[in-house]
Amino acid sequence: MNELLHWKRNFFLLALGRFVSILGSSIQAVAIPLFVLDLTHSGSAVALMTVAYMVPRILFTPIAGIVGDRGDRKFLMVSMDFLRGFLICFLALLAFRNSVTLPVLYVSQIAMAVMDNLFDIPTGAMFPDIVPQDFLMRANSIMGMVRIFPQILGPALGGVIYGFYGIAIVFLVNGVSFVLSAISEIFIVYSRKVEKKPAKFSQILEDLKEGFLFIWNHELIRTILIFALFLNLLISPLFMVVYPYTIREVMKFSAQEFGFLETSFTLGALLGNFLIASYLSKKNMWKAMKISIFLFELPIVFLGFLVMPDFSLSRLVIFSLFFITFLIMGFLNPIINVPLDTAFQRMTPSHIRARAFSFLILVANGVTPLGSVLYGYLVDRVPVHFLYYIVGALSFLVAVLLLVALRGKELPT
């Protein structure tokens, strides 16, 4: 009974900390581009802000995996939340003095990228150690809901707080949210024996090699990773580049309508996670995942029909169809990802989990810039409805090949 209360308390404290910090980050994520635009009136300055975060995040990922396996994961989790909170509170102080400049923001973005890695990867590796194996699927879906709720509230709050009170209050709210998250995490009970290794460059390379070879030599993880790479290359940049262009330039939807469509995907994901937590986690999630992989490509193709030049329906009907389409995709997303995440957590031993996790993140994030460049080139040269057709067809082919490769195998979900 004590052990049951023990892990439930750990799970509650971790979920509470994540909710608070994600809410603060969601508020700031909306306000930062607005502040940079007000400061510079330059779209390239906003783009450079994203680059200042993404590049070090990608480059530092493998090192964060080594640190996550070698170091004290709880200490890293708590200290990174405190450090991020102090950094953002310092930005709030500068903002109150009207001393926030672009170089200051760029440097803070780089620092946040490093600290985010040193938080996310060790925490992700620690999570399966504090949750019982038979509850892991449901716990992942609950954490998915914990991440989604503040992402629904945060953007609206960010716009209101920035509009009425300015960037200083936004920074202050986010900084305090990280500090509160760190305080809740202090009370998590977690200990793990760590093998002492010399901090030599050759040993670091050996650690990286060990993490890579674990993934490559594990047939099931390797198969999923290879196909995930192609699906990420096809789908993620499509919704980062082609989709905004479609909404604003082709369909001429307003910024408010764009926001509602973004919310529809989030609401769908919330419903999907809720279904997993309340019902599907007790069923055959492997079967549900396979069906969802096939179904996910259909809304992409349907978007192609909606944006055809001669597709004549009223604006309200087309917007409603967009909303329902993104709701469906959001719903299917966790039914695909939660079983895969849970299977990876169960298949990977704790001592190597952070490095393996870092390679998965590197693959997921590393191909996105390449796909974004490709779609950025194509969107000005190919009718957008053709792009949706092509991506839908190619991703369906990849999904079929993945399920053929996994035929006869069962994920440990």
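Leaving aside its neighbours within four places in sequence, which residues is N140 in contact with? In this predicted model, where contact means heavy atoms within 4.5 Å, N140 touches F127, R147, N273, V338, T342 and Q345 once those neighbours are set aside. Local features here need pLDDT of at least 70 and side-chain atom pairs count only at pLDDT 80 or more, while totals for chains, interfaces and linings use all residues. Residues are numbered from 1 along each chain as its sequence is written, and side-chain values use heavy atoms, with hydrogens and water left out.

N140 belongs to helix α5, and because its relative accessibility is 10%, N140 counts as buried (under 20% relative accessible area, with a 1.4 Å probe and protein chains only). Helices are DSSP runs of H or I with at least four residues, numbered from the N terminus.

Helix α5 (residues 136-165) packs against helix α6 (residues 167-186) at an angle of about 135°, with the axes 7 Å apart; axes are lines fitted to C-alpha atoms over the stretch in contact, and angles run from 0 to 180 degrees between N-to-C directions. On the α5 side I161, Y162 and Y165 take part, and they meet I167, I169 and V170 of α6. By class, this contact of α5 with α6 has six nonpolar, no polar and no charged residues, where Ala, Val, Leu, Ile, Met, Phe, Trp, Tyr, Cys and Pro count as nonpolar, Asp, Glu, Lys and Arg as charged, and the others, Gly among them, as polar.

Methods
Helix = DSSP H or I, 4+ residues; strand = E, 2+ residues; numbered from the N terminus. Buried < 20%, exposed > 50% of the residue type's maximum accessible area, 1.4 Å probe, protein only.
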